[in-house]
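Reader: Could you walk me through this structure, slowly please?

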Amino acid sequence: MNDSSGQAHGDWIVIHADGACKGNPGPGGWGAWLSHQGRERELYGGEPMTTNNRMELTAVIRALEALKRACQVKVYTDSVYVQKGITEWIHGWKARNWRTSDKKPVKNEDLWRELDTLAQQHRIEWHWVKGHAGHAGNERADALANRGVETILIK
């Protein structure tokens with residue numbers, strides 16, 4: 001499996017994750033496309049009243065939950081919130097007992113805690129990709145996230 005840079009991933013599991021929301025807050029969906037050595041799995045779902053950031057986080061959480069053992073993982077997201085949150089901001093939040101630098105409660109703390117626990121079980125490289133820019137994995141995850149929204153809107 002090659003990424004957009006043409007580099008092979010070897011034994012890495014590749015996750016492309018995305019969230020979508022119709023209104024913010026509003027009905028939302030999440031989607032994740034997992035691939036490993038030619039095998040693929042698509043995951044998606046939705047919530048009736050949520051935010052885009054919650055769906056972005058949920059997409060990565062559900063993808064990591066799908067892994068049966070500790071793995072080497074490359075996660076691709078178009079969410080700076082997710083990418084910087086898990087690689088940079090979370091350390092300060094935890095040191096301040098889940099408070100931001102201006103002492104406010106961290107938004108989506110429940111999901112951040114869940115993602116932190118799951119992320120510690122794997123070796124993960126976090127990659128940000130520009131959304132809606134033709135990145136095949138991101139486009140596929142976006143389509144899955146929108147399918148997740150549709151499951152809510154159809155009900």
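**Exposure, backbone and surface**

Author: Lys-103 counts as exposed, at 66% relative accessibility, where exposed means over 50% relative accessible area, buried under 20% and partly exposed in between, with a 1.4 Å probe and protein chains only. This is a predicted model, in which local features need pLDDT of at least 70, side-chain atom pairs count only at pLDDT 80 or more, and totals for chains, interfaces and linings use all residues. Residues are numbered from 1 along each chain as its sequence is written, and side-chain values use heavy atoms, with hydrogens and water left out.

Reader: Where is Lys-103?

Author: Lys-103 sits in the loop between helix 2 (80-95) and helix 3 (109-119), helices being DSSP runs of H or I with at least four residues, strands runs of E with at least two, both numbered from the N terminus. Its phi is near 70°, a positive value in a residue other than glycine.

Reader: And what about the phi of Asn-108?

Author: The phi of Asn-108 is also positive, near 65°, and Asn-108 lies in the loop between helix 2 and helix 3. Most residues other than glycine have a negative phi, and most peptide bonds are trans.

Reader: Is Asn-108 buried or exposed?

Author: Asn-108 is buried, because its relative accessible area is 16%.

Reader: Changing topic, which peptide bond is cis?

Author: The bond from Asn-24 to Pro-25 is cis, with omega near 15°, and Pro-25 belongs to the loop between strand 1 (13-21) and strand 2 (26-36).

Reader: Last one, where is Trp-128?

Author: Trp-128 is in strand 5 (residues 123-128), and it is partly exposed, with a relative accessible area of 42%.
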